[in-house]
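I am opening a notebook on a structure that is new to me, and I mean to write down what I look up in the order in which I look.

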Amino acid sequence: MASKRKSTQIDGQNAPKKRQRIGTSMKGYTWERFVEELKGDKAQPAIIKLFSNPSILGHSFMKQDQKAKGEIDPEIITKLTSTLLSSHPHLIKTLKIAQKDLLTVLAEDQIWDDPFEEPKVTPWREAGIMSNCYIAVILQTCQMLKMDWKTVESLCGHLANLEEDVLMDLESKIFAMESGYIRMILKLFQSIISIRIKESSGYIKPLVRQAIKFVKILNEANKRYRGPLQLEDFYNQTASDGSIDLNKHYFIWVCTMEEPKKWLNQFTLCSYPFLLDTRAKKKIIEYDAFITQSRYFEQSVRLSYFSMIPPNPYLVLCVRRSHILEDSVLQLTSRKVDLKKTMRVVFYGEEGVDAGGVTKEFFHLIIKELLNPDRGLFIWDETHKCHWFPRKRVSSRWEYSVAGAIIGLAIYNRVVLDVRFPYAMYAHLLGYKQTLSDLRKSFPETYKGLHTLLTMHEDVKNLGLTFEVTTTGIGEDSKDIPLIPGGENIVVTSENRKRYVEIYADWVLNKSVEASVIAFRKGFYDVCGEMGETKASVFRLLAPQELQRLICGSETIDFANLEPSVRYVGFDTLTSNATGKREQKESGSADVHPVIKNFWKLYGTLTYIQKKKLLAFITGSDRIPIGGVKDLNMVIQSGGENVLNLPSAHTCFHTLILPNYKTYELLKTKLFIAIEHSQGFGLQ
């Protein structure tokens, strides 16, 4: 409850002016009226009157559309601010003063007609008027060439603590705007966050925290209103690029999740994961994996004291290429305690020492076996170009548990996989229940058919559909399965078609594959840490699309950026700087070694498929990390003068060994033999 304003001695000139009552009867401005008052000496009083008075501003510049009755028109606000900036720049200072006064008034719960009277509840404090005022200030601030940080701080403080009715009205009006305005608003608050983080050397000040809270509001509203903003639009590069110690923020987040009372009011960016791009989250996951692997190594050392067996910090798999899946299943199911250790692979009969490259080769081969249609674990959906669970399975669930564990091991050991799973797979791994709206992301053609059923004008009954679905098991005849009890006798009509579509989508995404999903997910979290094991599972930071990128790497390979990122070793005429850029030696030797020149000339003639084969030859995988080819840290090393040798590679270190071939044709012949006929750690 507000206290009375204290009486003051009135002595003529120092007597307080009687404040004008801000009532709902005041008439708002139109664009034409504002332009007229900008002329002559009316301009400054007009700006003060309009932009410091919530009742006037809240009723001004309304949209003419009857459907948008009561909404302020963002086009007029932006046009108005542009006019002031271009034709009346001397009035910008007046506008900023008016904004401060407006925010001060909006923060007051009560206002007085007379300084000596009892306070009265303001009649204008309704959600629609207040939200219009906030929209006006936000859009004006978006266009300011230089931010007034006091106004920005006040604005962020208001927006982060709005009453529920005002917030809901503000959200609905923002997401009723054209996408350009929505993006402009988000960009403003992203700029506030970035600028202040840079100025404070990574420290998250209260202003930044308030701005982040409003970006969270936008993020959640974008999902509810199915807005135009994408996952990537919410990424803040300053927060993601290393300016902030994210490992420290992750540690605080884990503590706040596990002991909330002890760590009350501790701020951490991990509570706002939408700000962090996939590359930043990948680093956090790698940090979490490092901590876990270190803990299990220490545990194995302690146990060795009692067992007298030397500690082994690794999960070592010894497999035959011809029986890679069978050997892996046998060893993984019998050594669950070792799954969280760093992985090493040995192929029987091969000399490769695993420093990472052999492990990549292992995952490449075992994924091919898991996805082999003859094994029946997954089926290939030709329409949607992805692998998915069969609708009916008769084999043991442990097979899916092993498959999930292998996916988890790949993440845990920083290996990207060439898999094609639908969005639903990654959503299930993160614990999201799929609905009709998610069907479009996973199986768009199926969604399209159901959407057509929902929107068709003809009588649906004539289609002869019932509440059942036809499915075919592997090696079996087709079979009709009721979607609900007695569904084979319930005809789909125009009245019940919505229910049919929802049940059908639920069957496709959830019920038909439920047992397989549960087993697959269990195997995944046997390695990565069960979501229910602690509240602070690192995978809670990810969205399904981000988990997909983490598992599969970048969808497109930017081969054009490979050459500038390569480092060179052992070529007399070349040196390289810290960024990998080729530089001429001080001795004045030639700019490019002939072998390097011929290599890039040949590279430019390769097809996309040939470039992927070359990439697999050098790195052990034809996939690249999330950050692109620059994160490969590829090296080309001189192989000496023995031109009879073929090119070779240290896949563990992404290094191509290239002998000093004298001609372009010889280089081409030798390199093609190497990349076309290599498998494992020797020629086949």
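**Entry 1: the chain as a whole.** I began with burial, and I noted that buried residues make up 50% of the 684 residues in the protein chain, where buried means under 20% relative accessible area, exposed over 50%, and partly exposed in between, with a 1.4 Å probe and protein chains only. I kept in mind that this is a predicted model, in which local features need pLDDT of at least 70 and side-chain atom pairs count only at pLDDT 80 or more, while totals for chains, interfaces and linings use all residues. Residues are numbered from 1 along each chain as its sequence is written, and side-chain values use heavy atoms, with hydrogens and water left out.

I then looked up the secondary structure and found 26 helices and 14 strands in the protein chain; these are DSSP runs numbered from the N terminus, helices being H or I with at least four residues and strands E with at least two. For contacts, which mean heavy atoms within 4.5 Å, I noted that residues 24 or more positions apart account for 67% of those in the chain with a separation of 6 or more.

Entry 2: I looked for disulfides, defined as a pair of cysteine sulfur atoms within 2.5 Å, and the count came to 0. I looked up Cys133, which counts as buried at 0% relative accessibility, and Cys156, which is buried with a relative accessible area of 1%. Cys156 is one of the buried residues of helix α7 (residues 149–159), and the others include Thr151, Val152 and Leu155. I saw that the buried residues of α7 pack against α5 (92–107), α6 (127–143), α8 (164–174), α9 (179–199) and α10 (206–224).

**Entry 3: Ser240.** I found Ser240 in helix α11 (residues 237–240), buried with a relative accessible area of 7%. I checked its polar contacts, meaning a pair of N or O atoms within 3.5 Å where, within protein, one must be able to donate a hydrogen and the other to accept it, and where residues adjacent in sequence count only if both atoms are side-chain atoms. The side chain of Ser240 reaches the backbone nitrogen of Asp277 at 3.1 Å, and a polar atom of that side chain lies 3.4 Å from the backbone oxygen of Leu275.

**Entry 4: Phe559.** I located Phe559 in the loop between α22 (544–552) and α23 (562–565), where Phe559 counts as buried at 7% relative accessibility. Phe559 and Tyr608 are 49 residues apart in sequence and 8.6 Å apart in space, C-alpha to C-alpha. Leaving aside neighbours within four places in sequence, I listed Tyr603, Tyr608, Lys611, Lys612 and Leu615 as the contacts of Phe559.
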